[in-house]
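Visitor: Hi, could you walk me through this structure? I'd like to ask things as we go.

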Amino acid sequence: MAFTEQAYKGTTTPFKALAHKEFSDRLKNRWVAAITVGFALLTIVVAYFGSAASGVVSFRNMGATVASLTSLVVYFIPMLALTLGGGVIADERDRHTLDLYLSAPITAAEFILGKYAGLAVSLAVPSLLGFSIPGLILLVKSGFGSFGSYVVFVVNSVALGMVFLSISFLTSVMFYERSKVIGFTVLVWLFFTIVYDLGLVGMLIVTKGAMTPAMFVVMLLLNPVDVYRILNFTTIGEYSVLMGLSSVDIPGFIRPSVLWAVTAMWITAPLLASYYLFKKRYMA
Amino acid sequence: MLKFERVTKYYGEIKAVEEVSFELLEGEMFGLAGPNGSGKSTLLKIMLGLIRPTEGQILVNGVQLKDKDWREFRGIIGYMPERVSFYDNLTGIETLELFASIKGGSLNNIKDIIQRLLTSDVLARKVGTYSKGMRQRLNLAQALLNDPSLLVLDEPTSGLDPIGTRLLYDILDAVRQRKKLTVVLSSHMLAEVEEKVNRVGIMKSGILKAVGTLDELYRGLNLPLKLIIIVTEGGSQGEVLWEILKNEGAVNITYGSGQLTAELPVENKLKMLASILEQKDQFVDFTLRQPSLEEVFFGIH
């Protein structure tokens with residue numbers, strides 16, 4: 001079609017334009033497809049070969065699959081989310097497009113939320129598809145037992161991604177240099193997935209019982225990875241396998257609703273902080 | 001239109017811009033010249049609302065810009081940064097559609113300009129395949145998307161070939177004929193600035209050393225005019241004219257290859273020309289040139 005005959009698309013809001021760009025970028029570069037396939041394969045392998053150590057190779061029930069998947073997903077999803085959002089400001093600065101955005105009549109909220117929405121969908125879609133499609137196979141093979149826990153696992157995994165995406169936005173806004181963003185991202189991942197729990201267990205030993213089990217569980221809520229774990233294990237009724245907590249009394253207030261609320265707080269707090277910091281640093 | 005009053009910007013202990021005061025007049029093309037590190041970029045960023053001045057104030061049509069006003073003000077600004085690589089995975093059209101949405105503009109508003117800058121084939125291609133010149137053309141198109149009243153151009157012809165450079169200025173002229181567009185042109189290409197702008201500001205070490213038309217600037221600096229006379233062959237070899245020039249206060253008089261050159265104080269211009277014209281048989285032609293922006297620039301630095 002000749003250019004003169006071409007009718008341009010109408011414009012949309014800055015929020016929608018940014019969200020659409022972020023998601024379509026990841027669709028085009030096959031990021032969404034690759035992660036979907038990765039999660040699906042992981043689920044099938046865990047579900048089918050999960051009992052190989054005991055000499056049995058077949059699809060396990062959903063509860064056991066959720067337990068195994070949880071222990072793996074706590075490493076993968078934070079890493080993916082932190083990688084996805086860590087460069088959100090540095091990339092724009094490197095391209096010199098950040099000044100174009102900032103010299104336009106766009107608000108800090110539109111910029112941060114538009115970018116966040118696009119990346120959140122980019123992470124949520126492969127999480128939902130990658131875990132749900134094998135979930136249907138599991139449903140057929142092993143029946144409806146623990147189906148509810150599998151649904152919670154899928155939704156909770158999406159939420160875990162959102163949490164670390166929010167943290168990655170804060171990291172991205174905090175540091176001007178890409179190398180510092182990358183370094184800090186690695187530290188954040190190590191801290192929440194490995195160091196925090198090791199430190200907590202170490203503290204439990206060092207304090208020789210001064211820290212009550214209830215306090216210990218409350219401390220776990222300060223780590224979104226542990227909140228994710230507790231929520232998944234709560235639904236499959238296997239507290240006993242949770243980090244040696246077999247003898248720990250879980251406080252009565254640690255209900256799923258509280259855990260979801262804590263997760264929601266972990267999504268909103270870093271995102272709000274990144275919004276305020278972005279506004280302070282970049283919007284004159 | 002836009003007035004800077006004693007605007008100062010510190011980066012820690014470093015004063016990037018110091019007590020800059022000047023006014024951009026509606027519809028003018030204003031040149032901003034200065035070496036690297038002179039504070040030009042900081043001043044442009046303050047103008048765009050990208051950074052906040054430490055001291056001083058900015059007024060738009062006589063009203064001081066407060067924090068809450070910046071967003072509305074940005075709506076009337078078009079900005080063409082010096083280096084922008086855009087997104088390699090988007091086509092030219094997709095890039096313009098994205099920034100039209102961000103800026104609240106429309107591609108249909110500047111359809112004719114887009115057509116002149118980039119062909120439909122180029123627009124349909126991914127920006128990753130663009131040459132530097134194509135990216136600059138796309139850059140100009142995005143700057144005009146919101147039909148701005150103030151257009152800030154940072155080294156706009158960097159990477160453009162002569163055809164692209166002429167096209168850029170033709171488009172600016174066309175837009176300025178249609179509406180009162182104020183243009184701020186920051187460039188190291190002094191000859192280009194000199195040719196295009198109505199007024200110029202020269203920055204040095206964060207200070208706006210001079211602002212005005214080129215004529216005002218060289219008069220202010222008391223820079224001499226340059227006279228070149230092509231001497232008649234077989235005559236006095238310029239000796240007669242040399243004496244006249246010398247007596248009238250010209251300096252740096254030289255003769256070579258049939259040409260006499262001299263520098264004249266501005267105030268003696270008419271008297272000296274009258275004296276020379278009395279010696280018509282001594283020369284074939286002459287040229288009187290006012291100092292270039294480059295000479296003004298080096299006069300200040």
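Guide: Happy to; below we talk through the chains, a strand and the core.
Guide: This is a predicted model, where local features need pLDDT of at least 70, side-chain atom pairs count only at pLDDT 80 or more, and totals for chains, interfaces and linings use all residues. Residues are numbered from 1 along each chain as its sequence is written, while chains are lettered from A and ligands numbered from 1 in the order in which they are written.

Visitor: Thanks! How many helices and strands does chain A have?
Guide: Chain A has 11 helices and 0 strands; helices (H or I, at least four residues) and strands (E, at least two) are DSSP runs, numbered from the N terminus.

Visitor: And what box do its C-alpha atoms fill?
Guide: For chain A, roughly 70 × 50 × 30 Å, taken along the principal axes.

Visitor: Switching to chain B: is strand 8 buried or exposed?
Guide: In strand 8 (residues 182-186) of chain B, 5 of the 5 residues are buried, so the strand is largely enclosed by the rest of the structure. Buried means that 20 or more other C-beta atoms lie within 10 Å of a residue's own, exposed means 12 or fewer, and partly exposed is in between, with C-beta atoms placed from the backbone.

Visitor: Which way do its residues point?
Guide: B:T182, B:V184 and B:S186 point one way from strand 8 of chain B, and B:V183 and B:L185 point the other way.

Visitor: Which strands pair with strand 8 of chain B?
Guide: Strand 3 (residues 29-33) of chain B pairs with it in the parallel sense over 4 bridges, and strand 7 (residues 150-154) of chain B does so, also parallel, over 5 bridges. Pairing here needs at least two bridges found by DSSP. B:L32 stands opposite B:S186, and B:V152 stands opposite B:V184.

Visitor: What does B:V184 contact, beyond its sequence neighbours?
Guide: Leaving aside neighbours within four places in sequence, B:V184 is in contact with B:L24, B:F30, B:L32, B:M47, B:V152 and B:L153. Contact means C-beta atoms, placed from the backbone, within 7 Å.

Visitor: How many residues are in the largest nonpolar core?
Guide: That core has 138 residues, and those with the most contacts inside it are A:L165, B:V152, B:V183, B:V184 and B:L185. A nonpolar core is a set of buried Ala, Val, Leu, Ile, Met, Phe, Trp, Tyr and Cys residues joined through C-beta atoms within 7 Å. Helix 7 (residues 147-174) of chain A gives the most to this core, with 13 residues.

Visitor: Last one: how many residues of chain B touch chain A?
Guide: 31 residues of chain B are in contact with 28 residues of chain A. Helix 3 of chain B gives the most to the chain B side, with 7 residues.

Note on methods: Contact = placed C-beta atoms within 7 Å.
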